[in-house]
Amino acid sequence: MFKLRRFLKEYKLQLIVGPLCKLTEAVLELFVPLVMAGIIDNGILKNDTGYILKMGIVLVLLAAAGLSFALVCQYMASYTSQGAGTKIRDALFKHIGTLSHKELDEIGTPALITRMTSDINAVQANIAMTMRLLLRAPFLIIGALFMACYINPGLSLIFFGASALIGIILYFVMTKSLPFYKAVQTKLDRISLLSRENLAGNRVIRAFSKQKLQEENLDKEARQLAKISVRVGRLSALLNPATYLIAYTAVILILWFGAGKVNSGALLSGDIVALVSYMTQILLAMIVLANLVVLLSRGSASAARINEVFSVESSVKENENGAVADKNAPAVEFNDVSFSYGDGDKELENISFKLERNTFNGIIGTTGSGKTTLLSLIMRYYDAQSGSVKVGGADVRDYKFDDLRGKIGVVPQKSVLFSGTVRSNMLWQKPDADDEEIFEALRIAQVDFVDSLDMSVSRGGLNYSGGQRQRLCIARALVGSPELIILDDSFSALDFATEKALRTALLNRKNTTYIVVTQRCSTIMSADKILVLEDGRLEGEGTHKQLLKTCPAYKEICLSQLKEAEL
């Protein structure tokens, strides 16, 4: 929690005023038993009605003042916790946006979602309850002990003994429960992952009739979460009975020894009532403190998980100075590039090639040959372990992110649309694009099913077919006329006639370099250059005719799809 204090800098006034108000309420509460003792000793025993009424009014005023201070503290705590929670959530979301794909792959989407939701909610509750109770509860305990000493030093020893025992119990529960709360949040990550996979793949699950299996998997994880929660619940359940047992034992001892002192005249009846009231205040404060300890334990575990994400630094650093492109240089150039996702085998090994400007280029290879990985290096989602990747004659590491990605229009392997309208989805590359430019991009992408740019797009674009989503994604990449357009297997859902018309329309565009990743050799037979990847190595490069003569891997792929006469 201490590391997150930077998000509270704007709330210094609230952090001071709120606890002070709660402290003032506690001070007023400490006077109540003394007033009650006075009413008993000076009012009831002496039959002084005027004194009773006067002190009754004092009690009402103390209650009203305490309520006012409590409401002010409540407002300050809510304002601070919600404001700080919003800032933490915004900062965490922004920080996640700076991480490269490497860090996002390592942490995982479900874990990030849990941290953005339940963990931050736990921290918010922590801030609010800390402001409201952290000062009040200890002050009430200390104040009640002091007042007990003031009334009778001998009987106050009972207070000190009870408080020490309750403190030991609190420490025991806190130290034992903290690891369990961390385990609970980790299990929530796992359940979030399973839920996300099941919701995203529900059609596949139904197609294979695997609902029962998925239910069993989720039930298994839920039972493990319940088991951990029950264990931490048992620990927390010790607090109330243990504190009540100690506190009421102390009350019995006060009444036992206090009665003898009243009989001997060393104490008044009102003093006994005051001592019992202070013991009750200590009991209630200890119970509040016990619940606060549980909340702090959970909040500390959540804060640690949030700080784990904040402590992760992106392995892909942005160059603030920017790069200067060379108009005469190749559009894309790889120089002896090698890359691996982890410590295992290399995904790409010693890749070198050049793609000239204003050309149509294809990349083909078997599944897992490294085609999408190669594109990721161009976009600088990852950094190559060795060698250099250049776009426009400048190393991608020298570009600002916006400058590099502003040059490139990307159509990802998985067609991703966002809820809204067709227009809102088309404005991602160029926010100020006019309708004419958008319609031109839609025409080139063979989008003949959009009559109005205000047509709705549901979550993920599920109100369109796979081929329609692909064409919309292609149109989105074309808006703004980027210098380089990357199409990662973006024709897979198109029929051959639509693909041919789209390919012809793309080739008619000037001042654009295309990189097309495909499994269909017919898609790239007319390309200016074709790169053939096999197990992360560049097996060949050249035109279709050249590769048929020089690259067995390419010829084998083509023969698996077309007859030799068609080649």
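Residues are numbered from 1 along each chain as its sequence is written, and side-chain values use heavy atoms, leaving out hydrogens and water. Because the model is predicted, local features need pLDDT of at least 70 and side-chain atom pairs count only at pLDDT 80 or more, while totals for chains, interfaces and linings use all residues.

**View 1. Helices α6 and α9 side by side.** Here helix α6 (residues 153-200) meets helix α9 (residues 239-264); helices are DSSP runs of H or I, at least four residues, numbered from the N terminus. Their axes, lines fitted to C-alpha atoms over the stretch in contact, come within 9 Å and cross at roughly 175°. That makes the pair roughly antiparallel (over 145 degrees between N-to-C directions, on a scale from 0 to 180). Residues in contact (heavy atoms within 4.5 Å) include L155, I158 and F159 in α6 and L239, A242 and T243 in α9.

View 2. I485 sits in strand β9 (residues 484-488), a strand being a DSSP run of E, at least two residues. At 1% relative accessibility I485 is buried (under 20% relative accessible area, 1.4 Å probe, protein chains only). Leaving aside residues up to four places away in sequence, I485 touches G409, A477, L478, T512, T513, Y514 and I515. K407 is 78 residues away along the chain, yet its C-alpha atom lies 8.5 Å from that of I485.

View 3. The whole structure has 0 disulfides (pairs of cysteine sulfur atoms within 2.5 Å). C551 is buried at 2% relative accessibility, and C473 is buried at 0%.

Conventions
Buried means under 20% relative accessible area, exposed over 50%, partly exposed in between (1.4 Å probe, protein chains only). Angles under 35 degrees count as roughly parallel, over 145 as roughly antiparallel, 65 to 115 as roughly perpendicular and the rest as oblique.
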